[in-house]
Amino acid sequence: DKISNFGSEAASGAGAAEVGIAGSVAINIVDNSSVAKVTSGATVNVIADRMDENDKNDGNVSLSAENNSESIVKAVPHEGTIAEGSKVGIGASFALNMGVNHAIAEIEDTAKLSGANNVNLDASGSHSLTTEAKAGSKGGISVTPVVALTIADNQAKAKIGSGDALDITGNLTVKADNTGS
C-alpha cells in the first residue's frame, strides 16, 4: 500500500499605493504507471518440479500491478493577502493538476503461457487529485480571475490478449480495481 505523492504550491501577494497586482500559478503534470506483463510474442513454460526440497514451486503464476497516488495543487494568496491598490487591484490564480495513473496486469496478444497451475492477473489503483485556486483584489477597479483545473486519466486494466489458448491446470483469475477522488 505505497502511495506516490505529487504536488505543487504557489502563493502570491502584492499591494501598492495606486496599483496592486498579484498572481500565482501552480502546475502539476504526472504520468505514473505500474505494469506487470508477459509481452507479445513471449513464450513462458512453467516447470513446477525443478526446485530443491527447501523450496516450493506449485506452478502458480501471478502478475500484479499496484499504483496508488495523491496529487495536491494549490495556487493561493500568501497568508490570505489580496492584491490591493487605490485605483486598480488585480489578483489572479491558476492551478492545473493533471494525473495519468495506470496499473496494468496483462498477458499480451500472441504471448504463450503453458504448464502453469493457477494464473492470477491483478491490477489495482487508488488515486486522489486535489486542486485549489484562490485569489482576491481590492481597488477602484478590481479584477480577480481564478481557474482551478483537474484532468484525470486513472485506469486499472487486467487483460489476457488474443492468440493461443492458455495451457493451465488450475484456476484463472483476472481482476482490475480502480478508485479515484
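Here are some notes on this predicted model, running from the overall fold to a few single residues.

1. Ground rules. Residues are numbered from 1 along each chain as its sequence is written, and side-chain values use heavy atoms, with hydrogens and water left out. Since this is a predicted model, local features need pLDDT of at least 70 and side-chain atom pairs count only at pLDDT 80 or more, while totals for chains, interfaces and linings use all residues.

2. Fold. You will find zero helices and 13 strands here, and the order from the N terminus is β-β-β-β-β-β-β-β-β-β-β-β-β. The radius of gyration is 26 Å, well over the 16 Å that the globule rule gives for 181 residues, so the protein is more spread out than a compact globule. (Helices, H or I, of at least four residues and strands, E, of at least two are DSSP runs, numbered from the N terminus; the radius is taken over C-alpha atoms, and the rule is 2.2 Å times the number of residues to the power 0.38.) Along its principal axes the C-alpha trace spans about 85 × 35 × 20 Å.

3. Packing and surface. Of the 181 residues, 31% count as buried, where buried means under 20% relative accessible area, exposed over 50%, and partly exposed in between, with a 1.4 Å probe and protein chains only. The accessible surface is about 10,100 Å², and carbon and sulfur atoms hold 48% of that (Shrake-Rupley method, 1.4 Å probe; for residues, only the protein chains shown count as cover). Take the contacts (heavy atoms within 4.5 Å) between residues at least 6 apart in sequence: 82% of them join residues at least 24 apart.

4. Charge. There are 12 positive and 22 negative side chains, and the centres of the two sets lie 6 Å apart. Lys and Arg count as positive, Asp and Glu as negative, with His and the chain ends not counted; each charge is placed at NZ of Lys, CZ of Arg, CG of Asp or CD of Glu.

5. Asn28. This one lies in strand β2 (residues 19-38) and is buried, at 8% relative accessibility. Its side chain makes a polar contact of 3.1 Å with that of Asn97. (A polar contact is a pair of N or O atoms within 3.5 Å; within protein, one must be able to donate a hydrogen and the other to accept it, and residues adjacent in sequence count only if both atoms are side-chain atoms.) Beyond four places in sequence, Asn28 touches residues including Phe6, Ser71, Leu96 and Met98.

6. Met98. Look next at strand β6, where Met98 sits, partly exposed with a relative accessible area of 25%. Outside four places in sequence, its contacts are Asn28, Ile29, Val30, Leu129 and Ile151. Val38 is another matter: Met98 and Val38 are 60 residues apart in sequence and 29 Å apart in space, C-alpha to C-alpha.

7. Thr110. Worth a look in the loop between β6 (88-107) and β7 (112-116): the phi of Thr110 is near 65°, a positive value in a residue other than glycine. Thr110 counts as partly exposed, at 43% relative accessibility.

8. Ser137. Strand β9 (residues 137-138) holds Ser137, which is buried with a relative accessible area of 16%. Its side chain has a polar contact of 2.5 Å with the side chain of Ser142, and a polar atom of the Ser137 side chain lies 3.2 Å from the backbone oxygen of Val143. Among its other contacts beyond four places in sequence are Ile82, Ala83, Gly89 and Ile90.
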